[in-house]
Amino acid sequence: MAGIVIRSASQNLKSNSSSSSFLTILKNGTTTRSYASNVITKSPFDSNILRILRNEIDYYSEYLPPPQPIKFKSFRVEERPSEQVITIRGKFGEKEDIKIQATMYDGYQHVPVLEDDSSKLSLRLHVSLLVDISKGERGNDLQFVCSAWPDSLDVEKVYILRRPRMPPTPYLGPNFRNLNAKIQEKFREYLDARGVNNELSAFLHEYMMNKDRIELLRWMDGLKYFMEK
């Protein structure tokens with residue numbers, strides 16, 4: 001589920017931290033670095049790139065988001081630095097293990113702005129989810145492919161993942177929306193009982209907005225570090 005990074009809008013949360021303190025915060029899975037480095041003669045071209053990168057890092061560091069949560073209700077959130085996905089794990093009852101893989105923003109819809117001028121459009125960002133529900137190491141898993149929108153969670157597919165080996169071209173069933181309405185309703189209730197619902201979708205959108213900014217800063221810091229060598 002590779003996602004494309006969409007730069008999120010500027011946040012109102014500001015931080016008094018400097019760029020170097022931001023790099024300290026990013027030590028979760030990343031080696032921290034300081035701007036201080038040995039004096040090395042650079043070409044005008046390299047120096048210009050470094051100047052631009054440092055200015056960008058300084059600017060975005062002023063809008064550094066708060067630390068990312070490691071829990072949401074009964075779920076554990078596993079951040080994956082420098083990756084476009086995160087993993088969320090939970091349990092339901094004594095037997096069921098729930099594993100959710102969520103992408104960063106990987107798409108969007110144009111939606112009308114609720115104003116008098118209906119010609120205005122805004123973006124409704126999309127996050128993809130793969131929900132895996134298992135009942136033991138050797139059993140088959142029930143998987144859902146979902147679309148997480150800022151205010152709703154839509155199911156796209158539901159199918160059985162056969163362990164230990166999935167066929168190379170498995171039949172994944174029809175489009176979820178084409179199923180009998182009662183079947184759709186019962187599967188939505190099934191997911192909702194396990195905490196996979198609109199609330200989770202709203203949480204993920206806030207999380208991914210912050211992750212998008214953090215990953216952008218981490219990416220720019222990596223470029224700067226390379227150019228400084």
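Where is the place of Ser-82? Ser-82 is in the loop between β2 and β3. Helices here (H or I, at least four residues) and strands (E, at least two) are DSSP runs, numbered from the N terminus. I will come back to that loop.

Some ground rules. This is a predicted model, where local features need pLDDT of at least 70 and side-chain atom pairs count only at pLDDT 80 or more, while totals for chains, interfaces and linings use all residues. Residues are numbered from 1 along each chain as its sequence is written, and side-chain values use heavy atoms, with hydrogens and water left out.

Confidence next. pLDDT is the predictor's confidence in each residue, from 0 to 100. The chain has a mean pLDDT of 83, and 80% of its residues reach 70 or more. Residues 1-25 fall below 50, and beyond near neighbours in sequence this stretch has 60 contacts in the model. A contact means heavy atoms within 4.5 Å. Residues 27-32 also stay under 50, with nine contacts beyond four places in sequence.

Now the core. A nonpolar core is a set of buried Ala, Val, Leu, Ile, Met, Phe, Trp, Tyr and Cys residues joined through side-chain atoms within 4.5 Å. Buried means under 20% relative accessible area, exposed over 50%, and partly exposed in between (1.4 Å probe, protein chains only). The largest core has 30 residues, and Ile-100, Leu-129, Val-131 and Phe-144 touch the most other members. Elements giving two or more residues to this core include β6 (121-134), β7 (141-149) and α4 (198-228). A second, separate core of nine residues includes Leu-50, Leu-53, Ile-57 and Leu-216.

Two strands pair if DSSP finds at least two bridges between them. β2 and β3 pair in the antiparallel sense over three bridges, and Glu-78 has Thr-87 in β3 as its bridge partner. β3 and β4 are also antiparallel, over eight bridges. There, Ile-88 has Ile-100 in β4 as its bridge partner.

Back to Ser-82. Most residues other than glycine have a negative phi. Ser-82 has a positive phi of about 70° although it is not a glycine. The hairpin of β2 and β3 has six residues between the strands. Ser-82 is exposed, with a relative accessible area of 54%. Lys-73 is another non-glycine with a positive phi, about 55°. Lys-73 sits in the loop between β1 (71-72) and β2, and is exposed at 55% relative accessibility.

Which residue takes a positive phi in the hairpin of β3 and β4? That is Gly-93, near 70°, with three residues between the strands.

Last, the rings. Rings of Phe, Tyr and Trp (its six-membered ring) pair if their centres lie within 6.5 Å; planes under 30 degrees apart count as stacked, over 60 as edge-to-face and the rest as tilted. The whole structure has seven aromatic pairs. Phe-187 and Tyr-190 have ring centres 6.4 Å apart and planes at 80°, so they are edge-to-face. Both lie in helix α3 (residues 181-193), three residues apart, about one turn of the helix. Phe-187 is partly exposed at 25%, and Tyr-190 is partly exposed at 22%.

Then Arg-194. A charge sits over a ring if NZ of Lys or CZ of Arg is within 6 Å of the ring centre and within 35 degrees of the ring normal. The charged end of Arg-194 sits over the ring of Tyr-190, 3.6 Å from its centre. That charged end also sits over the ring of Phe-92, at 4.1 Å.
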